[in-house]
Amino acid sequence: NDTRYTEAKVEAGRNFINKIWNASRFVIMNAEGRNILPIEFVKLSSADKWIVSKLETCIKEVTLNLNKYEIGVALSKLYDFMWDDFCDWYIELTKPALYGEDEAKKDGAIAVLCFVLENALKLLHPFLPFVTEEIYAHLPETRGSIMVADFPHYNAKFGYKKEAAAFEGVKEIIQAVRAVKTEVGCLPSKKVELFIVSDARRLIHANEASILKLAGASAIRFIESSENLPKVVSKVCDIAQIYIPLGELVDFEKEKARLEGECERILGEIARAEGKLNNQNFLLKAPKKLVEDERAKRDKYADMLEKVRKQLKDFE
């Protein structure tokens, strides 16, 4: 068990380093040959303010944890920031600007990418000295060794708490659409039209490109209610009610047939489990754990049947 635990920790560390390395290559490649503006001279988007705010929170927490010698907690904060916020979210959020035609937006996105990555590398340096030294040497606008660079300090000017909290609503919309696709077995790459009821139209409109790309949507339509929409799947978020026409997510008849087949399969499993549980010889002779396992299986399949039947109602 100790060996497997150690191997798992080593593998997790290797994956983390690869994640940082690939994200850094992305930043360096896109920054190559461009004039990197100081972040103070950039008009920040909602996503920019969100990641800068996340960085400043990370700086504050890591510094506090290191001062208290809570090394593991500090690394955990850094891990979450780099893996989730920077690598998984922000890099994807910058792609519409980086691959678009607006040069000002490109310059802004690259400036923020470089600013965040440089400061994150400094935070990571005590934990990954050789990796961060190598990456830092290739960042534009950096000079000398990261070992003698100033450690980041929290800057309240870049707190952007209100803007960061608002942008979490945008993320929630993206996550909701992804969840709907997963629930109905729709490919993540399939483009769907979103119908949205929301009081935060300005925020959603400002981040429309990011929502379309990351959620895999073809268009966003603002509506007052869902009364005149065809059969839809809906999700509720803090800032919006999202409706997606079912026909855009799945082949209607094909999905109905699949769900009906799934109902038949589950009913067969329930009948098999109940057959055993109604058999007195089985109840008397089988080990207690085996009987409990059969009851658990029956209950699990009953729960699955309820969920599938609920999905089937959408096709009636």
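The axes of helix α3 (residues 71-98) and helix α8 (residues 208-215) come within 9 Å and cross at roughly 115°. Axes here are lines fitted to C-alpha atoms, for helices over the stretch in contact, with angles running from 0 to 180 degrees between N-to-C directions. The crossing of α3 and α8 is right-handed. On the α3 side the contact uses Trp 89, Glu 92, Leu 93, Lys 95 and Pro 96; on the α8 side, Ala 209, Ser 210, Lys 213 and Leu 214. Contact means heavy atoms within 4.5 Å. The residues of this contact divide into five nonpolar, one polar and three charged.

This is a predicted model: local features need pLDDT of at least 70, side-chain atom pairs count only at pLDDT 80 or more, and totals for chains, interfaces and linings use all residues. Residues are numbered from 1 along each chain as its sequence is written, and side-chain values use heavy atoms, with hydrogens and water left out. Helices (H or I, at least four residues) and strands (E, at least two) are DSSP runs, numbered from the N terminus.

Next, Trp 50. Trp 50 lies in helix α2 (residues 46-67). At 0% relative accessibility, Trp 50 is buried. Buried means under 20% relative accessible area, exposed over 50%, partly exposed in between (1.4 Å probe, protein chains only). Leaving aside residues up to four places away in sequence, Trp 50 touches Asp 85, Trp 89, Tyr 90, Leu 93, Ala 164, Phe 167, Glu 168 and Lys 171.

Helix α6 (residues 161-184) has 24 residues and should span 34 Å at 1.5 Å a residue; its end C-alpha atoms are 35 Å apart, which agrees. The expected span is 1.5 Å times one less than the number of residues. Buried residues of α6 include Ala 164, Phe 167 and Lys 171. Just after α6, Gly 185 takes a positive phi of about 75°.

How many disulfides are there? The count comes to zero, a disulfide being a pair of cysteine sulfur atoms within 2.5 Å. Two cysteines are listed below.

| Cysteine | Relative accessible area | Closest cysteine sulfur |
|---|---|---|
| Cys 114 | 6%, buried | Cys 87, 14 Å |
| Cys 237 | 8%, buried | Cys 186, 17 Å |

The sulfur of Cys 114 is too far from that of Cys 87 for a bond. The sulfur of Cys 237 is likewise too far from that of Cys 186.

Last, a loop residue. Ser 226 sits in the loop between β2 (217-222) and β3 (232-236). Ser 226 is partly exposed, with a relative accessible area of 27%. Ser 226 and Tyr 243 are 17 residues apart in sequence and 7.5 Å apart in space, C-alpha to C-alpha.

Conventions
A crossing is left-handed if the near helix is turned anticlockwise from the far one by less than a right angle, and right-handed if clockwise. Ala, Val, Leu, Ile, Met, Phe, Trp, Tyr, Cys and Pro count as nonpolar, Asp, Glu, Lys and Arg as charged, and the others, Gly among them, as polar.
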